[in-house]
Amino acid sequence: MLITPGKMLCPQNARDFFRLVALLLLFVGCSASGPRFHDSSFATQPVATDKARIIFYRDSDMNLGAARIAIDGSRVGAVAHNGFIVTENEPGEHKISARARGFSFFQEFVVDISLEAGRTYYMRVSQRAERLFYPLIPVVGAFVMLADSKGEFQVELMPEATALQQLRELKLSE
């Protein structure tokens, strides 16, 4: 099926229609499927006094792929669309990175954080807004996207009240 500017995308025959349905079903499978945050032990279980807990979460955005999370270069998990993961860490200075799962070898977003023992940190993982605009810039957009070393996702520390509100319906990424 060839898509040209100014023409609508519509299936030309049954085969194209079934391909489209299969593609949509594939994307549906990219969402988190574990228990909801408020049904998990992480919502009520206290943090160990000698560790720091980080809850990485991701609500709805345009990128349906999982965000791979690493702490100090070691992979800790992947946050699916509408999902969360939880890590227990040593207190101190750490580098947290996020990258698109599978294909972004040199593109990652990195943030520094200082963790205190006995505390819980809420880190929101989201698609970087500027990445949405690159495809809209003819020709140059593809080069800018490839040259952008910060990657597809960003990670930001969120206030507890805001995070708990956003985590309410999210599910554990598996």
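Mentor: In this predicted model, the largest nonpolar core holds 19 residues. Those with the most contacts inside it are Ile54, Phe56, Ile69, Ile96, Met123, Val125 and Val155. Strands S1 (52-58), S2 (67-71), S5 (92-100), S6 (109-115), S7 (120-127) and S8 (153-158) each give two or more residues to this core. Take Ile69. Leaving aside neighbours within four places in sequence, Ile69 is in contact with Phe56, Ile96 and Val125, among others. Its contacts also include Ser74, Arg75, Val76 and Gly77. Another core, of 10 residues, lies apart from the largest one. Ile55, Tyr57, Leu167 and Leu170 are among its members.

Now the sheet. Five strands form an open sheet, ordered S8-S7-S1-S4-S9, with mixed pairing. S8 and S9 (171-172) stand at the edges with a single partner strand each, so one side of each has no neighbour in the sheet. S7 and S8 pair in the antiparallel sense over 6 bridges. Gln127 stands opposite Phe153 in S8. Helix H4 (residues 160-167) packs on the sheet and touches S1, S4 (83-89), S7 and S8. The direction of H4 makes about 60° with that of S7.

Last, the aromatic rings. The count comes to 1 aromatic pair. The ring centres of Phe37 and Phe84 are 5.3 Å apart and the planes stand at 85°, so the pair is edge-to-face. Phe37 lies in the loop between helix H1 (14-28) and S1, and Phe84 in strand S4, so the pair ties together parts 47 residues apart in sequence. Phe37 is buried, at 1% relative accessible area. Phe84 is buried too, at 0%.

Terms used
Residues are numbered from 1 along each chain as its sequence is written. This is a predicted model: local features need pLDDT of at least 70, side-chain atom pairs count only at pLDDT 80 or more; totals for chains, interfaces and linings use all residues. Side-chain values use heavy atoms; hydrogens and water are left out. A nonpolar core is a set of buried Ala, Val, Leu, Ile, Met, Phe, Trp, Tyr and Cys residues joined through side-chain atoms within 4.5 Å. Buried means under 20% relative accessible area, exposed over 50%, partly exposed in between (1.4 Å probe, protein chains only). Helices (H or I, at least four residues) and strands (E, at least two) are DSSP runs, numbered from the N terminus. Contact means heavy atoms within 4.5 Å. Two strands pair if DSSP finds at least two bridges between them. Axes are lines fitted to C-alpha atoms, for helices over the stretch in contact, and angles run from 0 to 180 degrees between N-to-C directions. Rings of Phe, Tyr and Trp (its six-membered ring) pair if their centres lie within 6.5 Å; planes under 30 degrees apart count as stacked, over 60 as edge-to-face and the rest as tilted.
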